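I am opening my notebook on this structure, and I mean to write down what I looked up, one topic at a time.

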Amino acid sequence: MAQSTAGRLVPFRWEGTDRAGRKAGGRTVASNAAAVRRELRRQGIAPTRVRRQSALLGKTRRVTAADIAVFSRQLATMMAAGIPIVQSFEIIGAGHENPAMQTLILAIKSDVEGGTALANALARHPAHFDDLYVKLVAAGERAGALDTLLDKIATYREKTESIKKKVKNALFYPAAVVVVALVVSAVLLIYVIPEFELMFQGFGAALPAFTRVVVDISEFVRETGWAIVIGGILAVIGFLRARKRYRGVQRFVDRAVLRIPIIGSILNKSAIARYARTLATTLAAGVPLVEALESVAGATGNIVYETAVLRMRDDVATGQRLQRAMQNTDLFPNMVNQMVAVGEESGSLDEMSAKVADFYEEEVNHAVDSMSNLIEPLVMAILGVLVGGLVIAMYLPIFKMGTVV
């Protein structure tokens, strides 16, 4: 609804009857209920009920990158099948389970229906459609090959999300086990060890050194536990905000994580894979190299690579070859540099970049699987040392009970 775009769009559900007297219903977005009724009457539908969807329901799930990837694939499939774009949006929006995503899709549909170009409609939602996404859609609209470009965008989104999900899943398991180990240790220190300490007081003998250390730790945790928890939470929140707000902090963290053994190698390969995949997609869409590199920089996911790619863009803009610019950063392996050089010489830089992306995406998959196999026994060992150590410390005095008696 063109007239609804002036205000803030909110989701509505409506029911009514069409010209043939049949019952109809659906969802849409508008600035108010009156705008919904006007639009329904314009379409020949007599509204019987229009109600705003619950704001609480709309916030149960936010729009994620995975939602955008699925939406991209659905839209590409429908466009390739010859379904008009407005109808495609209506079908996708009506069938989506996430109310927040429904609202977003119907808002874009409303803009497109009012005569706005798809790229401009997407640009009004920068939190979900970045500059790269908008540029690719605009290129597809200009070339009259929107369905083809949407397919490339969908493939790009699916592959980049797959890599991110793979890395996150690999890191989630050890993090979850460590958190469980810390919680179990805290319970032992706060509730179990004090009971043992009361029992030990009647022994009449000095406690073993290891047990004494654990008892002292238990007393410290009980006295300052809440302060530690609150201080830890505030420190994490402060760190995350500083990383988000200050580029220097972000640069320090991103550079540090790239140097972590095993994990750093995976993140380096992931950044190279995303760089190559984004470059291949933008070049295949007909975007000039200098402009493509500007979009690629923000897609690498690491400020170290982002800074390097922007420097490469400046070098290429002055006439330097991409392969030489990449080599000057000391971030890309020799194989990547050579494949890019071959692509430049043969005029198939997009194809060579795609091959680099395929290779490094596979490398990330193998590296993540190997890391998972390595971390699992390591994490179990850490869990055993933490919990088992506390248990042993508590039973050492019992082993000496015989000598006391």
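**Entry: salt bridges.** I began with charged pairs in this predicted model, and I counted 17 salt bridges, taking as one any side-chain nitrogen of Lys or Arg within 4 Å of a carboxyl oxygen of Asp or Glu.

I looked up Lys 109 and found that it forms a salt bridge with Glu 90, with the closest N and O atoms 3.5 Å apart. This pair links distant parts of the chain, since Lys 109 lies in helix α5 and Glu 90 in helix α4 (residues 85-95), 19 residues apart. I noted that Lys 109 has a relative accessible area of 9% and is therefore buried, while Glu 90, at 43%, is partly exposed. Leaving out neighbours within four places in sequence, I listed the contacts of Lys 109 as Val 86, Phe 89 and Glu 90.

Next I turned to Arg 157 and Asp 130, whose side chains meet in a salt bridge at 3.9 Å, N to O. Here too distant parts of the chain are linked, with Arg 157 in helix α8 and Asp 130 in the loop between α6 and α7, 27 residues apart. Arg 157 counts as buried because its relative accessibility is 11%, whereas Asp 130, with 37%, is partly exposed.

**Entry: helix α7.** I followed helix α7 over residues 131-143 and found that its 13 residues reach 18 Å from the first C-alpha to the last, close to the 18 Å expected at 1.5 Å a residue. Its buried residues include Leu 132, Tyr 133, Val 134 and Lys 135, and among the elements that cover the buried residues of α7 are α3 (65-80), α11 (263-284) and α12 (289-299). After α7 comes Gly 144, whose phi is positive, near 70°.

I then looked across to Gly 286, which sits in the loop between α11 and α12 and counts as exposed because its relative accessible area is 59%. Its C-alpha atom is separated by 7.2 Å from that of Ala 139, although the two are 147 residues apart along the chain.

**Entry: nonpolar residues.** Which residues have the most contacts inside the largest nonpolar core? I found that they are Tyr 275 and Leu 322, in a core of 75 residues. Beyond four places in sequence, Tyr 275 touches Leu 293, Val 296, Thr 300, Val 309, Met 312, Leu 322, Met 326 and Phe 332. Apart from this core lies another of 11 residues, including Phe 200 and Leu 390.

Tyr 191 belongs to helix α8 (residues 146-200) and counts as exposed because its relative accessibility is 58%.

**Entry: a positive phi.** Most residues other than glycine have a negative phi, so I stopped at Asp 330, where phi is positive, near 60°. Asp 330 lies in the loop between α14 (322-329) and α15 (334-346), and its relative accessibility of 69% is why it counts as exposed.

Terms used:
Residues are numbered from 1 along each chain as its sequence is written. This is a predicted model: local features need pLDDT of at least 70, side-chain atom pairs count only at pLDDT 80 or more; totals for chains, interfaces and linings use all residues. Side-chain values use heavy atoms; hydrogens and water are left out. A nonpolar core is a set of buried Ala, Val, Leu, Ile, Met, Phe, Trp, Tyr and Cys residues joined through side-chain atoms within 4.5 Å. Buried means under 20% relative accessible area, exposed over 50%, partly exposed in between (1.4 Å probe, protein chains only). Contact means heavy atoms within 4.5 Å. Helices (H or I, at least four residues) and strands (E, at least two) are DSSP runs, numbered from the N terminus. The expected span of a helix is 1.5 Å times one less than its number of residues.
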